[in-house]
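Have the structure open and follow along.

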Amino acid sequence: MTTAIPSSAKPKLPPGSKAPAIVGMVQALLDQFGTLERYNQKYGEIFYGPKSSLMPPYVIFSSPQAIEKVFTADPSLFEIGQQSTAPVRVLLGDKSLVLLDGSEHKQHRKLLMPPFHGERMKSYGQTMVSVTKEVISQWQVGQTICIRDYTQEISLQIILRTIFGLEEGQRYDRLKAILVDWLDTFNSPLRSFFLFFPALQKDLGRLTPWGKFLQQQGQIKQILQEECDLRRQNPDTMGEDILSLLLTARYEDGQPMSDESIKDELMTMLFAGHETTASSLAWSFYWLHRLPQVGQKCRQELNSLAKNAEFTNIAKLPYLSAVVSETLRLNPVVVFVGRQLKQPFELMGYQLEAGTSLFPSIYLTHQREDLYPEPKKFKPERFIERQFSAYEYLPFGGGNRRCLGYAFALFEMKLVLATIMSQIKLELLDNRPLKFGRRGFTFTPEGGVKMKVISISNGQS
């Protein structure tokens with residue numbers, strides 16, 4: 001005979017929608033931010049989704065206290081989870097750092113850390129500025145441009161040069177062309193369905209979207225393998241680039257990284273280090289010109305610099321830094337950080353079972369009025385007036401899984417903005433509220449931000 005559990009002792013779950021999971025998934029794919037805001041208004045700062053064929057049970061939350069509890073908890077309580085990370089896995093590969101768990105994640109992260117810190121970062125500054133100048137040298141006064149096309153070109157060239165040490169040439173052009181086409185596979189909400197619904201992932205030949213995606217992904221990995229082989233066969237080709245560092249890196253037991261790990265890591269850097277920065281830069285240009293007083297303040301600060309200022313001094317400019325921070329707050333390129341419970345966990349008074357996915361919401365946390373008064377307004381000053389904790393401001397995630405390339409991304413954004421703002425005067429043609437556009441599981445300004453070149457200060461006019 002079994003004894004009934006008193007109702008008061010039963011695990012209490014947060015409130016949430018009773019609609020079928022597929023309905024919620026479609027709503028989120030078509031309008032991620034609107035769906036989040038509706039749920040937040042209806043259910044509060046934590047809400048629950050039951051287990052389905054598409055997802056494990058999950059909670060989405062925006063309380064800084066809850067985020068702190070998750071980010072500071074013992075990492076062994078969590079795993080990445082196969083189901084909830086399936087879209088990322090399809091893009092980046094099983095051996096990407098963002099998909100590793102436990103000691104494997106810790107060892108891998110330690111190995112990958114050096115290229116993104118210290119003196120090496122300074123050497124990337126020259127590449128960032130040189131590439132930006134090369135790309136904008138094509139602009140002419142009176143020309144209409146889509147700024148995201150150019151921030152994508154800039155960020156992609158920077159990544160190819162810093163990661164691979166590749167300059168212009170056949171291998172460079174081949175990788176760049178395939179990569180751009182591959183990234184455009186999911187450049188709309190409807191195309192993004194392929195990533196989130198495994199039933200659609202059928203290879204029916206290269207003329208179908210999924211078949212073409214897999215073929216291009218295979219070509220990219222083949223090029224990456226060829227680069228690895230070329231470096232190993234010709235040690236003289238080893239340089240200061242990140243690929244060379246990965247090939248020579250060794251774990252504590254003296255073992256090198258496997259080719260599979262290196263290729264998946266390179267895919268991660270190509271995607272995460274290029275796609276996200278391109279979109280964030282486009283949003284920054286939008287706000288700098290949508291709000292003329294913001295652009296003017298930024299230019300005044302840049303004009304106060306010495307002519308040949310160090311790149312590190314540019315990166316420390318308070319107002320420029322605040323513009324970048326506010327862009328990442330108001331227009332995050334990803335909306336969640338993910339963890340999955342390996343054992344029961346108490347959060348905000350609720351008992352969550354093992355297998356539940358935890359999704360601290362970057363977007364909803366950044367929209368909290370108690371942290372960011374008038375959260376819909378672009379106000380860089382808020383980052384000058386106060387400092388926010390790692391649980392209140394989290395554009396790069398947090399805890400032991402904080403984005404490894406965050407310092408690289410911030411450095412790049414500041415140097416690209418400073419280079420263009422000090423040389424080019426632009427006019428915003430999309431002078432209206434812009435919506436988020438979905439590109440797979442990242443977000444970008446819809447339409448790419450149309451602008452017009454008004455003047456160029458390097459002698460052209």
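Predicted model: local features only at pLDDT ≥ 70, side-chain atom pairs only at ≥ 80, totals over all residues.

## Around Leu-266

Start with Leu-266: leaving out residues up to four places away in sequence, this side chain's residue touches Ile-163, Phe-164, Leu-224, Leu-243 and Leu-246. You'll find Leu-266 in helix α12, which runs over residues 259–272.

Is Leu-266 buried or exposed? Its relative accessible area is 0%, and the cut-off for buried is under 20%, so Leu-266 counts as buried. For another spatial reference, look at Lys-221: Leu-266 and Lys-221 sit 45 residues apart in sequence, while their C-alpha atoms are 9.2 Å apart.

Which residues touch the most other members of the largest nonpolar core? They are Leu-91, Trp-139, Ile-147, Phe-164, Ile-420 and Leu-426, out of 105 residues in that core. Helix α19 (residues 406–423) supplies the largest share of this core, with 10 residues. Apart from this core lies another one of 20 residues, including Ala-66, Val-70, Leu-347 and Leu-394. As a general point, nonpolar side chains in soluble globular proteins tend to be buried together.

## Ser-279 in helix α13

Next up is Ser-279, which lies in helix α13 (residues 275–290). Its relative accessibility is 1%, and buried means under 20%, so this serine counts as buried. Which residues does Ser-279 touch, not counting those up to four places away in sequence? The answer is Arg-148, Val-333, Phe-443, Thr-444 and Pro-445.

## Two positive phi angles

Glu-374 isn't a glycine, yet it has a positive phi of about 50 degrees. It lies in the loop between α17 (362–366) and α18 (382–385). With a relative accessible area of 38%, Glu-374 falls between the 20% and 50% cut-offs, so it is partly exposed.

Val-449 is the other one to look at: again not a glycine, and with a positive phi of about 70 degrees. Val-449 is buried, at a relative accessible area of 0%.

## Zooming out

How many helices and strands does the chain have? There are 19 helices and 12 strands. The radius of gyration is 23 Å, close to the 23 Å that the globule rule gives for 461 residues, so the chain is as compact as a globular protein of that length. Along its principal axes, the C-alpha trace spans about 90 × 55 × 45 Å.

Of the 461 residues in the chain, 54% are buried. Among contacts with a separation of 6 or more, 72% are between residues 24 or more positions apart. The accessible surface comes to about 21,100 Å², and carbon and sulfur atoms account for 53% of it.

How values were computed:
Residues numbered from 1 in each chain as written. Heavy atoms only, no water. Helix = DSSP H or I, 4+ residues; strand = E, 2+ residues; numbered from the N terminus. Rg over C-alpha atoms; globule rule 2.2 N^0.38 Å. Buried < 20%, exposed > 50% of the residue type's maximum accessible area, 1.4 Å probe, protein only. Contact = heavy atoms within 4.5 Å. Areas by Shrake-Rupley, 256 points an atom, 1.4 Å probe, with all protein chains shown as cover. Core = buried A, V, L, I, M, F, W, Y, C linked by side-chain atoms within 4.5 Å.
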